[in-house]
Amino acid sequence: MSLLSRRQNAVPVAEENLSGGRNWKVFWLALFVVHFTLVLAVSLQATLRLIARNRTLLRASSFWQGAESVAAGVLAQHLPETNPVRQGVVTYLNAAGIETSYGFFAPNVPFNYRLVFELHYADGRVETALPEVADAAAGKRLSNLFDHIATTRNDRLRETLIKMLAYAVWQNHPEVVGVRAAFGYARLPTLAQFNRGEKESYQTVYVYDFAFAADHPESGPEL
Amino acid sequence: MKSLRASLLAFFFSPASDLWLALLRIGTGLELLLYCASLRGDWSHLFASNGEGLISRDLTEAVVSAEGGLIPTVSWLARGGAALGLTDAVTVTAVWFVLVSASIFLVLGIFSRTSAVVAWLFHLCAVKSIGLMAYGVDNFTTTALFYLMLAPLPDAYSLDQRWRKFPAKAAYWNGFGRRVLQLHVCVIYFFSGLTKMLGAGWWDGSNLWRAMTRAPFNHVPPGWIASVSCLLPAAGILIAVIETTYPVFMGWKRTRLVWLCLVLAMHAGIALTMGLYLFAFIMAVLNLAAFGSDLPSLRRANPHSGFATVAARVT
C-alpha cells in the first residue's frame, strides 16, 4: 500500500454535501474562466503587438493591430488609468504574477546593454567602474534594469535611474569629484564574425555627468 | 447543455491525489528559500529607500503605483513596521527573515495555508519593490505561490496532516487545482514557443548564439559554442517545437513522460549554460506539479483517459 493511500485512510476527509459541492464547483469554475481569460489576453496581446509592430516574420497589418486592440480591451486598457475596473484588473494581474507574457528571448534576443562609469578624482586621475552588487543573482537582475533604462521613453526616469546607480558607486568612492556615466550596448559578433576573429564592440548611446559632494549629503539623487 | 456542463465539471473536477500539491508546496518553498539565499548579500542594498541603495525602492514603487495603486510593495510593510516603532532598515531585514521562515514552513508543511499566504504577500511586495530588476523567475514564483495559497492545503505529505491531523480535502478539489495549473503551464509554453517561431533567429540558430554569448548569461566559452555551431539551428528549432507543441504532447498520456523529460532536460540545459538556476528550478517545479504527479501510475493507467481525450469529449 502506498504512503498516500495509508494517509488518506488515516485522516478524515472533509467532503461537502453533493448539492453544496456542485454549487462551489460552478463558482470556482466561473472564477477560473475569468482568470484564464486574463492569462490568455495578456499572452495574446503581447504576441499580437509584436506582429503589429513588424518585429516578427509575419507582415504587420491593420488586422493584427485590431486584434491587439481587442485583447487590450479585455484587459480594460481602453479605460482611463484611474478607472477602478482597470485598476482592479492591473492589481489582480500583478497579484497572480500574470501581468507579463511568456516570450522569453523571443522573437529575438535583446541587445546587451551596459553601463560604465568614469570616476574623476581631484588630482586628475580617472578610473572606470561598473555598478556594484555582491552576488551573481543581483548581477543578473541588473541586466533587466539596463533593458528598462534602454527602452523607457521617459528621459527623466532614465537619467534618474543612471544617477542613482552612479550615486551608489560614488558612495564607495567618496573622494571622487565627478562621475561620467556611459550607457550603451555591446555589439556582439555573429557566429560568422566570431569565426573570423572579430570581437565585441561597445556603442555608447547616452552619456551623463554627475557631481556629488561628500560634505553635502543632500547631493544624492532627488526623487 | 446539461451534458456539456457535466463534461466540463468532469474535466475540471476529476478526482486526483494530492501528490501534485505536495510537489508544488515543497518545490515553491525551496525556490523561495533559494531566492532569499541568492539575494542575501544584496538585500538591504536592493530595498533601501530615500535615495540610498542601488536603485532606491521609492522610485521603483512610484513606477509600480503609477501602473496600479493597489499593488503591494515593501513600503506598505515599512509603514506597518513604523507603526510598531521599527525603522525602515529593520523592516527590510525582517521581510527577508519572514520570507525565509515562510519558505521553511512551506517545505515542512506546517501552518501550510498561513505560510502560503504570508509567502505570497511578502514575496509580491519584494518583487514589486524591485520591479525594474525583476525577470521571469519572479513572475513564475508569484504565480506558484498564488495557486498554492488557493490550493486545497494541507496535503497528505505535510506535517499539518501528519502531526496536527488536519482533514484532507476532497479529491476533486485536488483534481481542479491540478487542472488549472496544467492549463496555465500549457499556455506558458505554447506562447513561449509561438513567439520564438515568429522570430527568424530561432530558425537559423543565431538567437541561441546571441543568448548564450550575451552577458550575464555567457557561462559557456563562445569558442566551445562555435565548435558545435552546426547544432545550433536544430537546437533552436527543437526548443521552439517542444514548447509550442507542449499542450498536445503533455495532454496525451502516451507522450507525457517523453515530453516532460525533454522539457526538464531543456531547463537543465538553460541552467547549466546560462546560469539561470532559479528559473530552471521553478519551471521544473511547475512541470512536475502539473504533469509529473501521476507518472508512476502511467503504465497502469488507461491511455485513453488522458486530458486530451477528456478535452476532446468536452468539445
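The questions and answers below walk through a predicted model with a chain A and a chain B.

Visitor: How many helices and how many strands does chain A have?
Guide: Reading from the N terminus, the elements of chain A follow the order α-β-α-α-α-β-β-α-α-β-α-β. Counted by kind, they come to seven helices and five strands.

Visitor: Is strand E5 of chain A buried or in the open?
Guide: Strand E5 (residues 201-210) of chain A is joined by nine bridges to strand E4 (residues 176-187) of chain A, and these two strands run antiparallel. Within this pairing, Tyr208(A) of E5(A) is the bridge partner of Ala181(A). To judge burial we count the residues, and of the ten in strand E5 of chain A the number buried is zero, so the strand lies largely in the open.

Visitor: Is Phe111(B) buried or partly exposed?
Guide: Phe111(B) sits in the loop between helix H6 (88-108) and helix H7 (112-129) of chain B, and its phi is near 45°, a positive value in a residue other than glycine. A residue needs 20 or more other C-beta atoms within 10 Å to count as buried. Because Phe111(B) has 19 C-beta neighbours inside 10 Å, it counts as partly exposed.

Visitor: Why does Leu153(B) count as buried?
Guide: Leu153(B) is placed in the loop between helix H8 (136-150) and helix H9 (159-162) of chain B. Leaving aside its neighbours within four places in sequence, Leu153(B) is in contact with Leu21(B), Ser112(B), Arg113(B) and Ala116(B). The cut-off for burial is 20 or more other C-beta atoms within 10 Å, and Leu153(B) is buried because the number of other C-beta atoms within 10 Å is 26.

Visitor: What is the radius of gyration of chain B?
Guide: The secondary structure of chain B consists of 17 helices and one strand. For its 315 residues the globule rule gives 20 Å, and the value for chain B is close to this, so the chain is as compact as a globular protein of that length, with a radius of gyration of 22 Å.

Visitor: Which helix gives the largest share of the side of domain 1 of chain B that touches domain 2 of chain B?
Guide: Chain B is divided into domain 1 (1-15 + 172-315) and domain 2 (17-153), and 18 residues of domain 1 are in contact with 21 residues of domain 2. On the side of domain 1 that touches domain 2, the elements giving two or more residues are helix H10 (171-197) and helix H16 (277-292) of chain B. The largest share, eleven residues, comes from H16(B).

Visitor: Which element gives the most to the side of chain A that touches chain B?
Guide: Between the chains, 69 residues of chain A are in contact with 69 residues of chain B. Several elements of chain A supply at least two residues each, including helix H2 (18-52), helix H5 (136-151) and helix H6 (155-171). By class, this side of chain A has 41 nonpolar, 21 polar and seven charged residues. The element that gives the most, with eleven residues, is H2(A).

Conventions: Residues numbered from 1 in each chain as written. Chains lettered and ligands numbered in written order. Predicted model: local features only at pLDDT ≥ 70, side-chain atom pairs only at ≥ 80, totals over all residues. Contact = placed C-beta atoms within 7 Å. Helix = DSSP H or I, 4+ residues; strand = E, 2+ residues; numbered from the N terminus. Nonpolar A, V, L, I, M, F, W, Y, C, P; charged D, E, K, R; others polar. Domains from an automatic or database assignment. Buried ≥ 20, exposed ≤ 12 C-beta atoms within 10 Å, placed from the backbone. Pairing = 2+ DSSP bridges. Rg over C-alpha atoms; globule rule 2.2 N^0.38 Å.
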